[in-house]
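Me: I want each label on this model tied to its cut-off. Take me through them one at a time.

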Amino acid sequence: MAGADAETGTETVADTEANAEAESKVETEAGAAAVTNAGAEAAMEAEEQGYYRQLWVEEPATRRRLPDPVRASAVRAVIIIAVTLIQAMVAFLCTLAGSWLAFPMVLSSVASTVVATWGALDVWVTRQVWNQRNGVVSVPSSTARALRRERRRARRQERASERTKERIRRQGGGAGQLSHS
């Protein structure tokens, strides 16, 4: 032992720490080699089976996507509210600092608060209007579903009558023809 005390035959603290670091380094390298070998073995098995693991698995959405107008108003409201919060924070900090900018920022924060309230109400109103016009599809007794069904039926009948009229027009309008043969 190079670092051992000659009289007592014990190692010094520095040598003990060096040995512990060397042992942990060897263990870490051995563990990394084992992980690499395990990964290589898994890759080889996957290639042999022709199976490739996907990077991600798509899961079905738990909720339906918001309609476009509602989503647009929600994004608008979030942006307005974020700007309002930033303005309020700047107004507060300017007030604490005694800056001349404090008064204009407080006034603009009050105005922004009104606009942010309007933005939040806009989301609610837009959603209500969307639900009234298009119906809540998840409710079995939805009146919108019956209305859509009636509209589809009327469109089908209209298309059928248009096809019939077009067929009659192609055959010469039926003028002077006594039979279809």
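Me: How do you know that the span of helix α3 (residues 102-134) agrees with its number of residues?
Reply: The expected span is 1.5 Å times one less than the number of residues. Helix α3 has 33 residues, so it should span 48 Å. Its end C-alpha atoms are 47 Å apart, which agrees. The model is predicted: local features need pLDDT of at least 70, side-chain atom pairs count only at pLDDT 80 or more, and totals for chains, interfaces and linings use all residues. Residues are numbered from 1 along each chain as its sequence is written, and side-chain values use heavy atoms, without hydrogens and water.

Me: What makes a run of residues a helix here?
Reply: A helix is a DSSP run of H or I with at least four residues, while a strand is a run of E with at least two; both are numbered from the N terminus. By that rule the chain has 4 helices and 0 strands. The order from the N terminus is α-α-α-α.

Me: Why is serine 73 called buried?
Reply: Buried means under 20% relative accessible area, exposed means over 50%, and partly exposed lies in between (1.4 Å probe, protein chains only). Serine 73 has 1%, so it is buried. Its place is in helix α2. Of the 181 residues of the chain, 12% count as buried.

Me: Which residues does serine 73 contact, leaving aside its neighbours within four places in sequence?
Reply: Contact means heavy atoms within 4.5 Å. Serine 73 meets Asp122, Val123 and Thr126 in this way. Asp122 and Thr126 are among the buried residues of α3. Those buried residues pack against α2.

Me: Which backbone oxygen does the side chain of serine 73 reach?
Reply: That of valine 70, at 2.9 Å.

Me: Why is leucine 93 called partly exposed?
Reply: Its relative accessible area is 48%, which means that leucine 93 falls in the partly exposed class. Leucine 93 sits in helix α2 (residues 68-97).

Me: What makes a nonpolar patch, and which residues form one with leucine 93?
Reply: Members need over 30% relative accessible area and no salt bridge; nonpolar side chains (Val, Leu, Ile, Met, Phe, Trp, Tyr) are joined within 5 Å, like charges within 9 Å. A salt bridge is a side-chain nitrogen of Lys or Arg within 4 Å of a carboxyl oxygen of Asp or Glu. Met89, Phe92 and Leu96 form the patch with Leu93. Together they have about 450 Å² of accessible area (Shrake-Rupley method, 1.4 Å probe; for residues, only the protein chains shown count as cover).

How values were computed
A polar contact is a pair of N or O atoms within 3.5 Å; within protein, one must be able to donate a hydrogen and the other to accept it, and residues adjacent in sequence count only if both atoms are side-chain atoms.
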